[in-house]
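Subject: Structure for you to look at

Hello,

Please find the structure below, with the sequence alongside. My notes follow it.

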Amino acid sequence: ECVGEIGSIAGLPRIRSVSTVRPTRLFVLERERLEHMMNEHPGLAMQLLFSMCGHLATRLAALSVDKD
């Protein structure tokens, strides 16, 4: 699962909190680290950004279905 991707992509502050129901491993990627990755490992950064955008698109599609 991916959370907080809007903040990483747009450089915006976090707007939500997340809780888990079981022990979970997390990876935090702050904007400056993402920018570093873009410079040093552009292929990897592109894959990550496509994945983040895919998560966003799925959520937006679910919201539009719920409103119909």
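Glu5 is buried, with a relative accessible area of 1%; buried means under 20% relative accessible area, exposed means over 50%, and partly exposed is in between, taken with a 1.4 Å probe over protein chains only. The model is a predicted one, in which local features need pLDDT of at least 70, side-chain atom pairs count only at pLDDT 80 or more, and totals for chains, interfaces and linings use all residues. Residues are numbered from 1 along each chain as its sequence is written, and side-chain values use heavy atoms, with hydrogens and water left out.

Glu5 sits in helix α1. Helices here are DSSP runs (H or I, at least four residues), as strands are (E, at least two), numbered from the N terminus. The side chain of Glu5 makes a polar contact with the side chain of Arg59, at 2.8 Å. A polar contact is a pair of N or O atoms within 3.5 Å; within protein, one must be able to donate a hydrogen and the other to accept it, and residues adjacent in sequence count only if both atoms are side-chain atoms. Leaving aside residues up to four places away in sequence, Glu5 touches Met52, His55, Leu56 and Arg59, where contact means heavy atoms within 4.5 Å.

The largest pocket holds about 1,300 Å³ of space. Of the 31 residues that line this pocket, Cys2, Val3, Gly4, Glu5 and Val18 are the closest to its centre. A pocket is an open set of points on a 1 Å grid over the protein atoms alone, where a 1.4 Å probe fits, with protein on both sides within 12 Å along at least five of seven lines; lining residues have an atom within 4 Å of a point. Grid points are joined across faces, edges and corners, and the volume is the space filled by probe spheres set on the points.

Helices α1 (5-10) and α3 (42-67) each supply at least two residues of the lining, and the largest share, six residues, comes from α3. The lining divides into 16 nonpolar, seven polar and eight charged residues. Ala, Val, Leu, Ile, Met, Phe, Trp, Tyr, Cys and Pro count as nonpolar, Asp, Glu, Lys and Arg as charged, and the others, Gly among them, as polar.

The largest nonpolar core has seven residues: Cys2, Leu29, Leu34, Met37, Ala45, Leu49 and Met52. Such a core is a set of buried Ala, Val, Leu, Ile, Met, Phe, Trp, Tyr and Cys residues joined through side-chain atoms within 4.5 Å. At least two residues of this core come from each of α2 (31-40) and α3, and α3 gives the most, with three. Not counting residues up to four places away in sequence, Leu49 touches Ile9, Leu34 and Met38.

- Glu1, in the segment before α1, is exposed at 84% relative accessible area. Glu1 and His55 are 54 residues apart in sequence and 8.2 Å apart in space, C-alpha to C-alpha.
- Pro13, in the loop between α1 and α2, is exposed at 64%.
- Glu35, in helix α2, is partly exposed at 36%.

Regards
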